[in-house]
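I opened my notebook to follow one residue and then the pieces around it. Here is what I looked up, step by step.

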Amino acid sequence: MAKEAIRVYARVKPLGRRQPAGIYSVDDYEKSLSALEITVPHDLAEGFVNNKQESYKFKFQKIFDQEAKQDVVFDSVAKPVAECVLAGYNGTIFAYGQTGSGKTFTITGGAERYSDRGIIPRTLSYIFGQLQKDSSKVYTTHVSYLEIYNECGYDLLVQRDKASSLEDLPKVTIMEDADQNIHLKNLSLQRATNEEEALNLLFLGDTNRMIAETPMNEASTRSHCIFTIHISSKETGSATIRRSKLHLVDLAGSERVAKTGVGGHLLTEAKYINVSLHYLEQVMIALAEKNRSHIPYRNCMMTSVLRDSLGGNCMTTMIATLSMDKRNIDESISTCRFAQRVALIKNEVVINEEIDPTLMIVQLKKEIQELKDELALVTGKQRTSELSQEELLQLDELIETFLEDNDPDSTLDVGADMRKIKYCFIRVKQLKISDKKLLSQNISEETVANKEAELKNLKELLQQRDNEIVILVNMLKEEKKKAEDALFQLAAASAGSIVSEKPLSIKLEESQSRSTSISPKEAKDFISSVHRLPFFSRQTGGRMSPGCQEAFKIFKQDHADNRAIEDNKEILKQRFAEAKCLGDKLNEVRNKINHLKGAITQRRIQRAALAVSSPSEELNMLDPVEEKLRMQIEEEKNSYKTMFNRLKVLKVEIKHLQFLVEKVTMKMQKDFEVWWSEEAAHLQQEKPEMVSSPNSAAVYPQFIKSSQRRTSSFSETMRVGLSEDPADPTLKTRTLPSSSIPLTGDSQADADILAFIKARQNILQKKGLGNK
């Protein structure tokens, strides 16, 4: 069916005895259309010029004046829609107007006389009458009754003894599937097999509706109500089912609060009613616009429920109820304007048919059996669902022959039997998979063999390189030994020539201090050590000699930055301890968070199992235990972030302290190197003949003399312990004899010790202890 516009009707409410009538006229100038003209005269009593429009004209499908009866309204408005519903189309009839304009009377009817029945009871009577007449189809009818009060849905088809108040009614919620189809949760569908049962359900719903007395109406309905008739039909022996539904909607009336003066609970109800009607008008305006991409159905519950009725697959009809008394003429004009917008909307209506899966399965099975019988009749053989053992062996031989044949034009002919064709495909696939596995196994074995051979070659190459390194190291040792022997022979020859020319006085001195005599090799080592007074010893691989280490310890104690180094080391130790403690706490917090997450997961599993075994409303609510666990997780996360930020700060501070310690230590080492070099230069100035003479034959005697003189001076001046306290009484009595100079026999170490003793003596002289 093509698109069809929404049909709009108007009905004028009869005026009361004391109500002043407005000026209007009805003109039926066309067969299918009627015109309503409302005149609003200028009020000259206000004392100023009134330029408002006086005449308003509106077109409707038909206008029912004050004398129109209920049966006439039904025949013109509801009967065509009911016939379409019986044919498989969806239909909707809704009444719109201000409060007290006769919407509920038109849709539901009055309770005083039988002739005052409204559209709903007359439609039920008509539908069930038609169902009884049509015996070619099987019909099933269900009824639902939804009330939307203050934007909350309620199921009205609940027994009165079970629901004493509105809060006791089941709450209806809206759910939407992937295809944007609306489903109403907790809305019951009641089976109605005849007119009496349907009317009883209607009366039950009406007794549960919200009704209140307002200044505009003594029994004003304060909610939107949707009475829905669901019809499914199926022809005998057919798998096609037609499903249709008819919405009969009684909207709550709009009202101006300034005019009615309601307050309290009635004011709240009026706010919700006006807001929902406002959203309904927005939807109508959006549907009337051609290029509008978004329709705001989700703004309120009523527009969501009536989504198909307003702009979908539905035949929709609207009745605009008008109150033509002078007081309400403005609201009637607004209702007519809304009706004109609704008349611009077009819906595309189609028959709702679907296939019954149960009947379809039965039909397909029957068709399969018929095809099998025909095939057996043509071939002369009765086929089973599975191949016999002989047929399987024969197919295996055919497949093997086909695969071994090298001819590219060869074919595998198994006949027109789908069972054999499927088996051949499966068998070829199995053979291919087994070949792949065998090939991969062979490749893996070859790969392992290649890797083992490569590993063996690498081991042999490594052994060869180790042997070459050993040979080179031995060669270097031999060359080094030859060089040392040649140097020692040269030094011994030079020392022998010098010793033979020593004067007698030197020999006497040597005999007196034999215990501290220095060999020519030691003298040569000492001379070379004077030139090797830098901070680190080259022969020891960059480490300090023993004498140099002792001098550095004393130098470090007297250095100005030593205190800063010790303080930084102490702070660094504290920061390391704090960082370790924070790391342990972070691990504990992380473990606790994981434990809480596991508890939440376990709680959800328990609630899901409980919901399956015994569903209830409480299980749909939030779990307080889970919320408490979530709060604990958030607290632990905040604690974790705080400690983690502190740990980051500690890491930066530790790196900074390490850099400071390293920087100050390097500065102290450089200062010691400068000081050590200055002492070495000073020592060279005192003994120039010992270090600067190019002739080694002239160096050794003077070196021996200086050693003897230094030994005698040390025995007179040096004290045990080298104490810096001048008040120490042991400084006057305890002397260091010449035989106790701590020479180690190592030329490098002895040179460092002699230089350290000289440097220490200078320090004592600077502090005022040298003369003592």
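Entry 1, the neighbours of serine 34. I listed what serine 34 touches, leaving out residues up to four places away in sequence, and got Asp27, Asp28, Phe58, Lys59, Phe60, Gln61, Lys62 and Ile63. Contact here means heavy atoms within 4.5 Å. I noted that this is a predicted model, where local features need pLDDT of at least 70, side-chain atom pairs count only at pLDDT 80 or more, and totals for chains, interfaces and linings use all residues. I also noted that residues are numbered from 1 along each chain as its sequence is written, and that side-chain values use heavy atoms, with hydrogens and water left out.

I placed serine 34 in strand E4, residues 34-39. Helices (H or I, at least four residues) and strands (E, at least two) are DSSP runs, numbered from the N terminus. I then found an open sheet of 3 strands in the order E3-E4-E5, with antiparallel pairing. Two strands pair if DSSP finds at least two bridges between them. E3 (23-27) and E5 (55-60) are the edge strands, each pairing on one side only. From one strand to the next, the twist averages 15°.

I counted 5 bridges between E3 and E4, and aspartate 27 stands opposite alanine 35 in E4. E4 and E5 are joined by 6 bridges, and glutamate 37 stands opposite lysine 57 in E5.

I saw H9 lying across E4 and E5, at about 40° to E5. Axes are lines fitted to C-alpha atoms, for helices over the stretch in contact, and angles run from 0 to 180 degrees between N-to-C directions.

I looked up H6 (residues 265-288) and H9 (residues 329-342): their axes come within 9 Å and cross at roughly 40°. That makes H6 oblique to H9. Angles under 35 degrees count as roughly parallel, over 145 as roughly antiparallel, 65 to 115 as roughly perpendicular and the rest as oblique. On the H6 side, the contact is made by Leu280, Glu281, Met284, Ile285 and Ala288, and on the H9 side by Phe338, Arg341 and Val342.
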